Amino acid sequence: QCLKIYLGYVPLWATDKFYLPFYKLAEKHRIPVVFHTGDTYDKNAKVKYADPLQIDDLAVDFPKVKFVIAHMGNPWFDSAAEVVYKNDNVFVDVSALVLGDVGELSDLQKEELVKKPLQWFYSYVDNPKKFLYGSDWPLLKQQSYIDLMKEIIPQKDWELFFYQNAKNVFGFSLNK
């Protein structure tokens, strides 16, 4: 249903000529491309390659392809937000802003690491159709992460966030 490119884990820029045939394939078959962006949690990865700003070039060069910036580009929220805001064909998932059980985090950690960045990003982009829930299972305890997302995402947008946006981006029907 999509192609996923592990920026940072693979030391190539998203715009590297190696990936061009994949973007053309995605365009031909109308499937989205998901990019791991931001922190790699791997000391051997080269994090500079995971900066989400480079997705702007691809969004402009391949306007018929839907691109998803995973992890909100964490910690490059500003860059990721601008790319999502600017480009109609770029979306963002909120997977793995933290790992484990967010229920075990302090209130300050939840506020600083998840709530503030997501609230700012959501406000900046100002389009609830651009945001997808991402589980990153099994790295996250799902219920506590879902509960935290429900504290941040306005209830009027839950249907989009938890269901409809993924259906639209990935082009499949999901059973509720």
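View A. The structure contains one cavity of 30 Å³ or more. On a 1 Å grid over the protein atoms alone, a cavity is a set of points where a 1.4 Å probe fits but cannot get out, and lining residues have an atom within 4 Å of a point. The largest cavity has a volume of about 30 Å³, a volume being the space filled by probe spheres set on points joined across faces, edges and corners. Its lining consists of Gly-38, Asp-39, Tyr-41, His-71, Asn-74 and Ala-96. The model is predicted: local features need pLDDT of at least 70, side-chain atom pairs count only at pLDDT 80 or more, and totals for chains, interfaces and linings use all residues. Residues are numbered from 1 along each chain as its sequence is written, and side-chain values use heavy atoms, with hydrogens and water left out.

View B. Strand 2 (residues 33-36) pairs with strand 3 (residues 67-69) in the parallel sense over three bridges. Phe-67 in strand 3 is the bridge partner of Val-33.

**View C. The largest pocket.** This pocket (an open set with protein on both sides within 12 Å along at least five of seven lines) has a volume of about 210 Å³. Of its 15 lining residues, Val-34, Asp-93, Ser-95, Gly-134 and Phe-170 lie nearest its centre.

Key
Pairing = 2+ DSSP bridges. Helix = DSSP H or I, 4+ residues; strand = E, 2+ residues; numbered from the N terminus.
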